[in-house]
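Here are a few friendly notes to read with the model open beside you.

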Amino acid sequence: MSEDKRKRLPAGQFITTQFNSLLGWARKFSLFHYPFVTACCGMEYMSAACAHYDIDRFGAGWTRFSPRQSDMLLVVGTITQKEAPVLRTVYEQMTEPKWVVAFGTCAVSGGIYDNYAVVQGIDQIIPVDVYIPGCPPRPETVLDGLLKLQEKIQHQEPDWRWKKRRS
Amino acid sequence: MPNRILKQARQDTMLLNMGPSHPAMHGTIRIMLELDGERILNSEVEVGYLHRGFEKTCEHRTYFNLLPYTDRLNYVSPLINNLGYVMTVEKMLGVEVPERAQYIRVLMSELSRISDHLTCLAAMAMECGAFTAFLYKMKAREFLWDVIEQTTGARMTTSYIRIGGVRADLHPGFDTVLKKAIEETRLVLKDVRGLLDKNKIFLNRTRDVAVMSREDAVAFGWTGPCLRSTGVSYDVRKAHPYLVYDRLNWEVPLGEKGDNFDRYMVRMKEMEQSLRIVEQAAVRIPKSCRAFIAEGMAPAQAIKESRRQRVREDIALSPNLEGSEEARYPDILASDKGYVVPPKEETYTSIEGLINHFKFFMRGHGLRPPKGDVYFAVEGGNGELGFYIVSDGTDRPYRLHLRAPCFHIVSALEALIQGRYVADVIPTFGSMNMIGGELDR
Amino acid sequence: MEEKTILERLRREFPAEVEGAAASPLGEDVVIIGKGALLPVMAYLKAKPEDYAMLLDLTCVDLRGEEPRFEMVYHLFSLTHNRRLRIKTRLPEEELRIASLTSLWKNANWLEREVYDLFGVHFEGHPDLRRLFMYDGFEGYPLRKDYPLRRRQPLIRLKD
């Protein structure tokens, strides 16, 4: 690093950005997910998390099996009517900020099971941010969904604390 | 709700809920434990969190359409479920499957069985803390799934094995990919055995833990690797051989004590035997009769040509259209017109083919087995996977019941963990290979 | 030949209750018995020399439109002789009760709970007969033919 390179940096050694962008950057690259695994999609989740299609390189590698310690709820697989209260409880126990990803068509819309036992999509229970279709989705689709979620996190609304101070 | 234990629990003990959202990645089962310190006094297992109404849904689908539902039963070895269902229907109809298709079926279901055991032992090892074993086994599973994907089109839920044969033939580079997958799997198995077999921690957690005696195992209806770990030699592939298993050389590994370590060892040895079967099947498979492919015409052109004159040689349609080499069909699908979907060349170019297609897919027509009931079992990853179908002569099954092997194995969980520590629940449960889709249907 | 022999043996032991074997062109042994004779017949089959030591499966079929309406189907397996046997018995809808097999085979516990849950058959002598798959508060028996496929009884309030 020579003298003139340092001179070319704006204002010396500072970069200016919005606080919101910085927050979005920090949040999106350190996602701790809670894999709420129920069914077959769990196998593709395991593949996506392991060596060949690593999600760790996107910052989302570590699972936290506690709602309090995680910020992304990854609902993997079919949710039945019996499981629905459990999902709702887990979602409510998570702390802000939190995002929900519906993984697989059973979580998105009930999938091929349109009967007495299956909830037709988890958006009937909890609000969903990203829907990843597929039965089961290929790991590349999962990574694509993760990138979309990261984009969404980057462009989220400014933090409420900053909003209040402005007005 | 685990009502029995809630009623029976004493005041001075602790109730621990290992709830439906389970970190042990077996999905959805709830084990409620009554503890005195760390010792388990009483336990109750609650299932049904993945009950997806498979049996009732199947009463509303035709025999052909319900094939994807069978994939999602034991989702770690989907091809074996396909096979079980399809062979039950074929038994009812009396369909003769060509020999090459039988070899392909054996090959694919053994690859599926290896993935099943790999996943089960990977999860069991990971929950005991051996995360490396999990990653290694997932790597091997990826190679196997590559082979499956290149043949069937999908990594997991394939719907590949159809009534009368299989969906598509093996592609030209199959042998190379298979050889690579087998090599990688053998390396991984060697590595994992080196990591776990003599590992003091793993042995302490699995040796002499949750011992099951032979009489109890039979009384509980255990089959498969869990039964063989107690010393009872019952394997459906040897006892009631189906497909070409009786022509191949392989053995059935047995355990001695029926503890967790024996269940682990039996599965490891079974994987090696399955690799033997795969190698033999790949060598002994009868050659396919690929006929000469005519110089490619565009599909519309080809159909027009065929209407003008009776074309004597094969028409090469676009490779995206199914069945673009009709000559391969006698290898892999039974020739009985009533039970298989005709190839697209026939459907698009001849009136008989069109009527055949129409009669296969129209509501009320199609596969209509004679009235009666049938039971057929194959050796699934967990044991005897049986299908009981009651047919009333229409194109939909009247009743379809699955004999799920892990249902019986998990029903013994309460008896196995009685009096043990909380930490023993994890390897015990892991070695049972509970698969929610099969348990709860 | 096997079928005739097992049928003959059962007829000899229980002359009044064995109603016959269904025609089984597929090579399976099927025996139909009256519902009162279930426990004695099963106990006889489990003991040596028949030695059907394993209860493979236990299920129910709802034959709507026929009297009696329900049919219980039992699959037994003998490890020593390596053969399977299917026992069927009919139950009328008004009196949907049958003896439980928990005293003979341990996996009958969960299997019978499943049939109770999905069909509503009561098993006398079962230590703990309650629902297995469906949740508390679920009304009806889903696998009966008169339960519609898509009737949902949600546990929590669903949106849409």
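1. A definition first: two strands count as paired if DSSP finds at least two bridges between them. In this predicted model, strand β6 (residues 372-379) and β7 of chain B pair over eight bridges, in the antiparallel sense. Within that pairing, B:Ala377 sits opposite B:Gly386 of β7(B).

2. Have a look at the turn joining these two strands. The hairpin of β6(B) and β7(B) has four residues between the strands, and B:Gly383 there takes a positive phi near 145°.

3. On to the next neighbour: strand β8 (residues 399-403) of chain B runs antiparallel to β7(B), and five bridges join the two. You can find B:Ile389 with its bridge partner B:Leu400 in β8(B), and B:Tyr388 standing opposite B:His401.

4. Put together, the strands form an open, antiparallel sheet of three with the order β6-β7-β8 in chain B. β6 and β8 of chain B each have a single partner strand and stand at the edges, so one side of each has no neighbour in the sheet. From one strand to the next, the twist averages 15°.

5. Is β7(B) mostly covered or mostly open? Strand β7 (residues 384-391) of chain B is mostly covered, with eight of its eight residues buried. In a regular strand, side chains alternate between the two faces of the sheet. Both faces of β7(B) are covered: B:Glu384, B:Gly386, B:Tyr388 and B:Val390 are buried on one side, and B:Leu385, B:Phe387, B:Ile389 and B:Ser391 are buried on the other.

6. Now a contact between the chains. Helix α3 (residues 41-49) of chain A and helix α6 (residues 131-152) of chain B have axes that come within 10 Å and cross at roughly 110°. Angles of 65 to 115 degrees count as roughly perpendicular, and α3(A) and α6(B) are therefore roughly perpendicular to each other. On the α3(A) side the contact is made by A:Met43, A:Glu44, A:Met46 and A:Ser47, and on the α6(B) side by B:Phe134, B:Met138, B:Arg141, B:Glu142 and B:Trp145. By type, the residues of this contact divide into five nonpolar, one polar and three charged.

7. Finally, chain B as a whole. Its secondary structure comes to 20 helices and eight strands, and 64% of the 441 residues of chain B count as buried. Chain B exposes about 16,100 Å², with carbon and sulfur atoms supplying 52% of that area. Of the contacts in chain B between residues at least 6 apart in sequence, 69% join residues at least 24 apart.

How values were computed:
Residues numbered from 1 in each chain as written. Chains lettered and ligands numbered in written order. Predicted model: local features only at pLDDT ≥ 70, side-chain atom pairs only at ≥ 80, totals over all residues. Heavy atoms only, no water. Buried < 20%, exposed > 50% of the residue type's maximum accessible area, 1.4 Å probe, protein only. Contact = heavy atoms within 4.5 Å. Areas by Shrake-Rupley, 256 points an atom, 1.4 Å probe, with all protein chains shown as cover. Axes fitted to C-alpha atoms, helices over the stretch in contact; angles between N-to-C directions. Parallel < 35°, antiparallel > 145°, perpendicular 65-115°, else oblique. Nonpolar A, V, L, I, M, F, W, Y, C, P; charged D, E, K, R; others polar.
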